[in-house]
Amino acid sequence: MVTIAGYNFDGPYKIGKIKIDRAAIYVILNVIYSVIDVGQSGETGTRLLTHERKPCWDKHGGYSVAVKWMPTDKYSLEDRLKIEKDIRNKKNPPCGIK
């Protein structure tokens with residue numbers, strides 16, 4: 001487990017090892033756990049495997065991913081977007097947009 005911007009996440013796991021397609025917030029980290037990117041998806045496994053920002057992750061040393069699972073029966077898309085935005089604002093990752 002790792003805490004990022006006050007939120008608890010599972011992992012970190014090596015990028016490409018998450019195969020589960022469930023709703024979650026994901027944070028891409030480098031080897032010293034600096035935040036490279038943050039996002040959310042209803043199908044996290046597929047999203048991480050096909051992400052258009054992967055070249056940016058590679059450029060900034062993206063090595064692992066931490067995941068905060070947010071099942072759709074308990075959390076809404078708006079809940080995920082709120083946390084994603086909060087982490088992005090606090091950590092200012094080099095990949096993605098604010």
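Trainee: Is Val31 buried or exposed?
Mentor: This is a predicted model, and in it Val31 is exposed, with a relative accessible area of 63%.

Trainee: Where is Val31 found?
Mentor: Val31 lies in the loop between strand S3 (24–29) and strand S4 (35–41). Together with Ile32 and Tyr63, Val31 makes a nonpolar surface patch of about 350 Å².

Trainee: Now the inside. How many residues has the largest nonpolar core?
Mentor: The largest nonpolar core has 13 residues, and Ile4, Phe9 and Leu29 are among those with the most contacts inside it. Strand S1 (2–4), S3, S4 and helix H3 (77–91) each supply at least two residues of this core. S3 gives the largest share, three residues.

Trainee: Change of topic. How many salt bridges does a search of the whole structure find?
Mentor: The search finds six salt bridges. In one of them, Asp37 pairs with Arg53, the closest N and O atoms being 2.6 Å apart. Asp37 is in strand S4 and Arg53 is in the loop between helix H1 (44–49) and helix H2 (54–59), 16 residues apart.

Trainee: Is Asp37 buried or exposed?
Mentor: Asp37 counts as buried because its relative accessibility is 0%. Asp37 also meets Arg88 in a salt bridge (3.0 Å, N to O). That pair links helix H3 and strand S4, with the residues 51 apart. Both Arg88 and Asp37 are buried.

Trainee: And Glu52, which residue does it form a salt bridge with?
Mentor: Glu52 forms a salt bridge with Arg47, with the closest N and O atoms 2.8 Å apart. Glu52 counts as exposed at 51% relative accessibility, while Arg47 counts as partly exposed at 24%.

Note on methods:
Residues numbered from 1 in each chain as written. Predicted model: local features only at pLDDT ≥ 70, side-chain atom pairs only at ≥ 80, totals over all residues. Heavy atoms only, no water. Patch = residues over 30% accessible without salt bridge, like charges linked within 9 Å, V, L, I, M, F, W, Y side chains within 5 Å. Areas by Shrake-Rupley, 256 points an atom, 1.4 Å probe, with all protein chains shown as cover. Salt bridge = Lys/Arg side-chain N within 4 Å of Asp/Glu carboxyl O. Helix = DSSP H or I, 4+ residues; strand = E, 2+ residues; numbered from the N terminus. Buried < 20%, exposed > 50% of the residue type's maximum accessible area, 1.4 Å probe, protein only. Core = buried A, V, L, I, M, F, W, Y, C linked by side-chain atoms within 4.5 Å.
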